[in-house]
Amino acid sequence: MLGNIIKKELKELLTLSTLIFMISIAFMYAIIGQSIGKAVHETPQKVNIGIVNLDKGSFGELIEHVLKQSANVVYIGKSEEEGLRRLKEKNGVALIAIPEGFTQNILSGRQGELEIVWIMRGTGIADLISTGRVQGVLGMINQEIAKKLMERYGVKDPEAVLNPFTQKAFTILKEKRLSLSPAQIGEKMSSQTTLTSIVIMMLILGAGGSVISSMGLEKENKTLETLLTLPIKRSHIVVGKIVAASIVGFIMAVIYMVGFSFYLKGLVPSSPTSGVGTDIGLNLQMKDYTLFGISLFITLLAGISLSMILGLFAENYKSSQMLSFPIVGLATFSMLLTMFKDLDTLPTVLKIVAFLIPFTHPMIALRLLMFGKIQLVVWGIVYVSVFTGVIIFIITKIFNSDRLITGRKRRRATS
Amino acid sequence: MLAVEVEDLSKSFGEIEAVRNIGFEIREGEIFGLIGPNGAGKTTTLRIIATLLKPDFGSVKVFGYDVQRDGEKIREIISYLPEDAGAYRNLTGREYLEFIARFFAKRGKFHEMVKRGVEIAKLGDRITDKISTYSKGMMRRLLVARTLMVNPKLAILDEPTSGLDVVNAIEVRNIIKDSTMAGTTILLSSHNMLEVEFLCDRIALMNNGRIVEAGKPEELKSKYNAKNIEEVFVEVVKCSEI
């Protein structure tokens, strides 16, 4: 009986058009990520530049030397006009002009001035990357000239003057001593926590949206009355809808995540796979993954149950889509909160709000488990389980009442 | 055995008293009609018997089972067709019949039940098309088929020919009449009094939530010296308002 309900729900919710829509969205994500990645990858390491050197001193020669090593020099001469013409022919990025007396000015204690004529073909990512590379080379030239000047003034180790100290950072994070700076830890953890929060949000929205749609379709197709008079327990109808929505939500999340992982891979090739734990000594054990799995499963049920309550108020499919906004709002709030803030650093009121929203718990579970805060995860699971139990109890009560048919509370006649 | 026993039944929605202290009995194997204008309380009464709504007062029994206590038992022996019912639009007609049959069919009877449904629906090759492509008449035939194919002990039909053209309506009436031969008791509601006169063994006339008269169509016609049930209804309403 339960299988019959689940099968029917899946047929209603997983139509070909729904699947095509989901795959298209995932495909779009993948294409965007890959396109950006391709643009970065295809930008040559050595960009084409031109040099107009009117200086007769040693620093002019030094600049020529550094530029020849770091870029493809397509023009060296005295004419800016000729240089620009060659650059345009060779898709060059910049013409660097060293004015007459550049070396002399610096040696006499004044600042020298390089003139750079940038050639931008567009405002795309690839154009900006190319100009960024030339800026990097100019930074190197600055350092080289500074070193030469220091040598001239008798400094034995110019490198030590330019970088008088190095940093060996240790960070104490939640009673753990890590051999990394906060910036490095943040960089390593952000990709993992971002991905976890996004996956969980998608899973909840996918499954929740499915169950709300299911209730909306029952009302729109006027099939609910028939369903409620079939020889099956009302609680089985509720469970059937919840299980089917979980399956649909899981399929949706997998499809979206495949697309999203391609998107992230395109942007930062290593981010989705960079293991946080192994890199910074915060390893997760099997029991941690089990707790995370339980937290995720219970929260998914909470999301679906909450959606089902909202779905009971749907009059048709269209209105059911509107009713999913509270779930979208709560899930997005939890996602943004866990992506940008750590629960420990939040003000007390926000901490309570975050704890009360069931969706927050699996989003923070991995981070908590990494720092050994198992108790908080367990309490989260207990809270979400109780929350889900109460919601399912209310749903079953509504299914057994007149409310689902009449949309009103049952009132006793006074006669 | 009595198929349905309704005693002193009342149901209100807020200030509106939809059903007021009504009572009637339906014998096993008969076709019983509740007739009356829109808003008379027919659908509310049927929904209570079908276990969709709970009564405020009174008692309702279906083959001895109480609707308040034995809802699940009752749902095993009834089949309910709501007035504006629909079906799952992404399923084909056959898939819909199979979906319903899985709830009712005893071991080995599933295919037989679906076959019977297909025969009653008389949709030909269109039975394998998606329901979303069906006309209103085709949809209603499919729904009548799914209601009767399960051989319920009691079929509750709310306005079974509502919105159908003459040809489809006659066809549905014939299907209903034939189903009693398989032992099904029929409780139907209609505001089409000629239809009820044609189909029903006994009728109850409802107005403003009350049953204002009940009996066999022929007896009622002779009692009120009327040519048809429509005239009976007008006379009964006049008398009840005096």
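Two strands pair if DSSP finds at least two bridges between them. Helices (H or I, at least four residues) and strands (E, at least two) are DSSP runs, numbered from the N terminus. The structure is a predicted model, in which local features need pLDDT of at least 70 and side-chain atom pairs count only at pLDDT 80 or more, while totals for chains, interfaces and linings use all residues. Residues are numbered from 1 along each chain as its sequence is written, and chains are lettered from A and ligands numbered from 1 in the order in which they are written.

Q: How many bridges join β1(A) to β2(A)?
A: Strand β1(A) covers residues 48–53, and β2(A) covers residues 72–77. The two strands run parallel, and I49(A) stands opposite V73(A) of β2(A). The number of bridges that join them is five.

Q: Which helix does the chain pass through from β1(A) to β2(A)?
A: This β-α-β crossover is right-handed, a term that applies if, with the strands pointing away from the viewer, the path from the first strand over the helix to the second runs clockwise. The helix on this path covers residues 58–70 and is α3(A).

Q: Why is β1(A) largely enclosed by the rest of the structure?
A: A residue is buried if 20 or more other C-beta atoms lie within 10 Å of its own, exposed if 12 or fewer, and partly exposed in between, with C-beta atoms placed from the backbone. The strand is largely enclosed because, of its six residues, the number buried is five.

Q: Which residue of β3(A) is the bridge partner of I51(A)?
A: Strand β3(A), residues 94–98, pairs with β1(A) in the parallel sense over five bridges. Within this pairing, N53(A) has I98(A) as its bridge partner. For I51(A), the partner is I96(A).

Q: Which element gives the largest share of the side of chain A that touches chain B?
A: Two residues are in contact if their C-beta atoms, placed from the backbone, lie within 7 Å. By this rule, 26 residues of chain A are in contact with 31 residues of chain B. The elements of chain A that give two or more residues are α1 (2–13), α9 (224–228) and α18 (403–406). The largest share, four residues, comes from α1(A).

Q: What distance separates the centres of domain 1 and domain 2 of chain A?
A: Domain bounds come from an automatic or database domain assignment. This assignment gives domain 1 as 2–36 + 178–406 and domain 2 as 46–162. Taken over C-alpha atoms, the distance between their centres is 54 Å.

Q: Is G249(A) buried or exposed?
A: G249(A) lies in helix α10(A), residues 234–267, and its contacts include L203(A) and L300(A). With 25 C-beta neighbours inside 10 Å, G249(A) counts as buried.

Methods
Lists of a residue's contacts leave out its neighbours within four places in sequence.
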